[in-house]
Amino acid sequence: MPEILQDMKKRYLIALSISICLIVIVIFVVRMYYVPKGISIDKDKYPITGIDVSRHSGIIDWKLIRSQNISFVYIKATEGEDYLDPNYVINATAAQKSNLLVGEYHFFRFNKPGKTQATNFLLQTKNITGKLTPALDIEEWGNMPVTRPENEIRKDIAEFLDVVEKATGNKMIIYTNINSYNRFIKGQFLENPIWICSFNKNRILPDNRKWLFWQHAHNGKLAGIKGFVDMNTFNGDELTWKKYVDSELDCFQIFNKKNNTLLVSQYGIDRK
């Protein structure tokens, strides 16, 4: 009898493992191949276009990207407490060499402390200089199921923002979609610029809050990237963009020179 029970237990564990693997595969396939169509926008009104990428974008020909009227790119750098996107450094370096304006983003894990996530982000991105204000990616996808209370998650978000903002001198950009905006961001973090993923032309944010970047499609196609790429636009014309970029880079360089001692003493981050 014990041998029969042991055999049944073994069969159960094998079946369970197979089921979990199948679920993961199905989720991955759905995520990779079911891509929302997105929407086209008025490029006379919003002429500045950017993209965001991660390791899932594969090997990218950045010179080709720059030749297609792409003005900026946000590159995934880190996730959670210890993950570094394996393509981050090569993407950031190559994009800058192609005269693209580069920013980086961190994917926020709802079940990890904000401070340790911020430390991971700062350590991994400290050697890429002359860039746009970093972004914090806050979304339920990749964090499901959400088991912690929303107020606790917001506290960790606030902690992450506080640590990074003291180290960079700028208010971080918050990237999010409509569902996560309503759950975690709406009415909060009012000094942080918003980068919203929305497919509604008429009301981009549900509370009409001003936005900085708008991700309006997941199915963009560009020479130099295999597969789809996320398409984004800046909220302003070319003159507004130039003023924004000038202020971004000036702030980054000035703060960097004056506050390296502060960064080392408080966070162990050396910007040299």
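Trainee: Is Glu-191 buried or exposed, and how do I tell?

Mentor: Look at relative accessibility, where anything over 50% is called exposed. Glu-191 counts as exposed because its value is 60%. Keep in mind that this is a predicted model.

Trainee: Which residue does Glu-191 form a salt bridge with?

Mentor: General idea to begin with: side chains of opposite charge can pair when their charged atoms come close. Here, Glu-191 pairs with Lys-171, and their closest N and O atoms are 3.4 Å apart. Glu-191 sits in the loop between H6 and E7, and Lys-171 in the loop between H5 and strand E6 (173–177), so this bridge ties together parts 20 residues apart in sequence. Lys-171 is partly exposed, at 37%.

Trainee: Where do Lys-242 and Asp-246 lie?

Mentor: Both are in helix H7 (residues 238–267), four residues apart, or about one turn. The structure holds 13 salt bridges.

Trainee: Let's switch to backbone angles. What is the phi of Asn-99?

Mentor: It's near 65°, a positive value in a residue other than glycine. Asn-99 is in the loop between helix H3 (88–97) and strand E4 (101–107), and at 62% it counts as exposed. Phe-189 isn't a glycine either, yet its phi is positive, about 50°. That one is in the loop between helix H6 (178–185) and strand E7 (194–197). Phe-189 counts as buried, because 16% is under the 20% cut-off.

Trainee: And pockets? What is the volume of the second largest pocket?

Mentor: Rolling a probe the size of a water molecule over the atoms shows where empty space is left. The second largest pocket has a volume of about 190 Å³. Its lining includes Arg-109, Phe-110, Trp-141 and Ile-153. By type, the lining residues split into six nonpolar, four polar and two charged.

Trainee: Last one: which residues is Ser-54 in contact with, beyond its sequence neighbours?

Mentor: Leaving aside neighbours within four places, Ser-54 is in contact with Lys-76, Asp-85, Asn-91 and Tyr-105. Ser-54 counts as buried, at 10%, and lies in the loop between strand E1 (49–53) and helix H2 (62–66).

Conventions. Residues numbered from 1 in each chain as written. Predicted model: local features only at pLDDT ≥ 70, side-chain atom pairs only at ≥ 80, totals over all residues. Heavy atoms only, no water. Helix = DSSP H or I, 4+ residues; strand = E, 2+ residues; numbered from the N terminus. Buried < 20%, exposed > 50% of the residue type's maximum accessible area, 1.4 Å probe, protein only. Contact = heavy atoms within 4.5 Å. 1 Å grid on protein atoms, 1.4 Å probe; cavity = no way out; pocket = protein on both sides within 12 Å on 5 of 7 lines; lining within 4 Å. Points joined across faces, edges and corners; volume = space filled by probe spheres on them. Nonpolar A, V, L, I, M, F, W, Y, C, P; charged D, E, K, R; others polar. Salt bridge = Lys/Arg side-chain N within 4 Å of Asp/Glu carboxyl O.
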